[in-house]
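Notebook open, model loaded. I'm jotting down what I look up as I go.

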Amino acid sequence: MKKNNWFEKDAAYIWHPYSPLKQFSEVIPIVSGHGATLTTANNQTIIDAIASWWTNLHGHAHPYIATKLYEQALKLEHVIFAGFTHEPAATLSERLIEQVALQQHKVFFSDNGSTAVEVAVKMALQYWYNKDIQKRTIIAFEDAYHGDTFGAMSVSARSLFTKPFDTHLFDVKFISRPMGNGRSIDELKHILTQPGVEDIAAFIYEPLVQGTAGMLMYDKEEMNELLQLINERNILLIADEVFTGFYRTGTMLASHQLRIAPDLICLSKGLTGGFMPLGVTLCNARMAEAYEQVDRSKSFFHGHSYTGNPLACTVANASLDLLLMPETQESILRINKQHRIFQTQLDSYAYAKDPRICGTIAAVDFAPDAQKQHYLNAWRDVIYEFFLQRNVLLRPLGATIYIVPPYCITMEQLEKVHNVIFEWFEWNEHS
């Protein structure tokens with residue numbers, strides 16, 4: 001039976017991500033976006049304070065990016081990337097290597113953050129295979145999240161997301177995230193003194209911030225010490241900058257705030273400014289050398305149908321143009337400054353636990369009781385609806401309230417977001 005409108009078609013046919021098929025709340029129909037706002041079919045204007053899953057850097061439907069996309073679509077929409085190439089991909093690769101400036105050597109294209117991680121994990125493991133050295137074990141942080149494909153799940157924490165598949169994931173050695181108490185160092189040193197240490201191939205980490213785990217932020221000096229210890233053992237370093245890249249933490253990469261450069265870097269999310277799916281994995285010359293062989297059996301046999309898509313590469317170049325403009329850089333500093341004032345003001349609320357800032361990221365835990373702060377925390381849906389009713393999109397991670405705004409957000413819009421969060425704490429403390 002034909003459905004009368006697209007809302008009905010959605011309810012009938014679409015399976016939304018991270019959502020039960022039996023929806024507990026109504027899915028919101030969005031008809032347009034402009035700057036930091038979204039407009040619903042009911043003409044409600046919502047401030048997108050999480051940049052639509054941390055992707056949208058410059059605002060919705062940005063005319064500069066949209067125009068570049070249109071112009072490219074009239075020239076070349078797609079071409080097989082095995083044996084062929086095109087200007088948007090070549091230009092983007094050069095610019096990324098220049099901006100990353102961590103002695104990266106090659107760029108491998110994929111579709112999203114999870115596949116960028118998948119590529120990095122496979123590259124790291126095959127690196128040792130190509131050198132005829134038996135190294136298969138990977139170290140990762142507890143609470144890590146690196147994606148939903150099988151390799152990415154394997155190097156992520158065993159959690160609600162992975163539970164149905166845990167028996168199919170390869171084993172990983174997990175250590176605590178660096179909190180300034182030395183625990184992660186002690187755990188790493190223990191691993192490095194155990195039999196089988198020679199089998200460790202790589203360490204994968206989210207630099208400075210674990211996003212999905214609840215915007216958990218690290219002690220920078222302990223992180224540096226960890227990387228130094230691992231680097232001295234000739235273990236490959238994989239920096240998952242899918243979330244933290246493109247000035248999200250205040251610098252082009254979070255790795256720019258650390259002393260040891262990674263061998264592999266994963267990028268996505270902000271790469272295209274929220275316009276199109278695209279992921280990249282960058283590797284240094286050391287990594288590439290293991291694949292630069294006459295023996296074709298040691299090639300990296302990995303690819304996707306839309307690898308290096310010209311449209312996606314074009315919008316990534318356009319997003320990079322905007323990102324490097326002085327006004328964007330000034331906005332990033334302004335957001336950080338407003339967040340810091342917000343952080344200080346949160347100290348006056350009894351239920352506001354651990355307010356924290358890193359670049360344009362602000363987070364605070366709502367802690368009115370002893371409930372465990374996990375993804376299915378009962379407060380999550382209540383918080384989410386409270387903010388939506390006040391025309392602000394904030395998607396809590398359990399009971400962790402966080403802000404990851406587009407860089408185009410105005411001072412007035414960001415102030416409203418902050419004030420709505422204050423209102424939430426006030427409402428709960430007086431109810």
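Is serine 110 buried or exposed? I looked it up: serine 110 is buried, because its relative accessible area is 1%. The cut-offs I use are buried under 20% relative accessible area, exposed over 50%, and partly exposed in between, with a 1.4 Å probe and protein chains only.

Ground rules before I go on. This is a predicted model, where local features need pLDDT of at least 70 and side-chain atom pairs count only at pLDDT 80 or more, while totals for chains, interfaces and linings use all residues. Residues are numbered from 1 along each chain as its sequence is written, and side-chain values use heavy atoms, with hydrogens and water left out. My helices (H or I, at least four residues) and strands (E, at least two) are DSSP runs, numbered from the N terminus.

**Entry: serine 110**

I find serine 110 in strand 4. I listed what serine 110 touches, leaving out residues up to four places away in sequence: Thr115, Ala116, Val119, Leu278, Gly279, Val280 and His304. Contact here means heavy atoms within 4.5 Å. I also checked serine 110 against asparagine 309: they are 199 residues apart in sequence and 9.0 Å apart in space, C-alpha to C-alpha.

I read an open sheet of seven strands in the order 4-12-11-10-7-5-6, with mixed pairing. Two strands pair if DSSP finds at least two bridges between them. Strand 4 (104–110) and strand 6 (173–175) are the edge strands, each pairing on one side only. Neighbouring strands of this sheet are turned by 20 degrees against each other on average, direction ignored. Helix 4 (residues 87–100) packs on the sheet and touches strand 4, strand 11 and strand 12; the direction of helix 4 makes about 130 degrees with that of strand 4. For such angles, axes are lines fitted to C-alpha atoms, for helices over the stretch in contact, and the angles run from 0 to 180 degrees between N-to-C directions.

I then zoomed in on strand 11 (residues 264–267). Leu264 and Cys266 point one way, Ile265 and Leu267 the other way, and all are buried. Strand 10 (residues 236–240) runs parallel to strand 11, joined by three bridges. With strand 12 (residues 279–284), strand 11 pairs in the antiparallel sense over four bridges. Leucine 267 has valine 280 in strand 12 as its bridge partner.

I found another open sheet, of four strands in the order 1-2-3-15, with mixed pairing. Its edge strands are strand 1 and strand 15, each pairing on one side only. Strand 2 (residues 37–40) pairs with strand 3 in the antiparallel sense over three bridges, and leucine 38 stands opposite isoleucine 46 in strand 3.

Helix 12 (residues 379–388) has as its buried residues Arg380, Ile383, Tyr384, Phe386, Phe387 and Leu388. I checked what these pack against: strand 3 (45–48), strand 14 (361–366), strand 15 (392–393), strand 16 (400–403) and helix 13 (411–429).

**Entry: helix 7 on helix 8**

The axes of helix 7 (residues 183–192) and helix 8 (residues 220–232) come within 9 Å and cross at roughly 15 degrees. I therefore log helix 7 and helix 8 as roughly parallel to each other. For that label, angles under 35 degrees count as roughly parallel, over 145 as roughly antiparallel, 65 to 115 as roughly perpendicular and the rest as oblique. In this contact, Arg183, Ser184, Ile185, Leu188 and Lys189 of helix 7 meet Glu222, Glu225, Leu226, Leu229 and Ile230 of helix 8.

**Entry: positive phi**

Tyrosine 18 has phi near 50 degrees, and I place tyrosine 18 in the loop between helix 1 (6–13) and strand 1 (30–34). At 36% relative accessibility, tyrosine 18 counts as partly exposed. Tryptophan 54 has phi near 75 degrees and sits in helix 2 (residues 51–54). At 6% relative accessibility, tryptophan 54 counts as buried.
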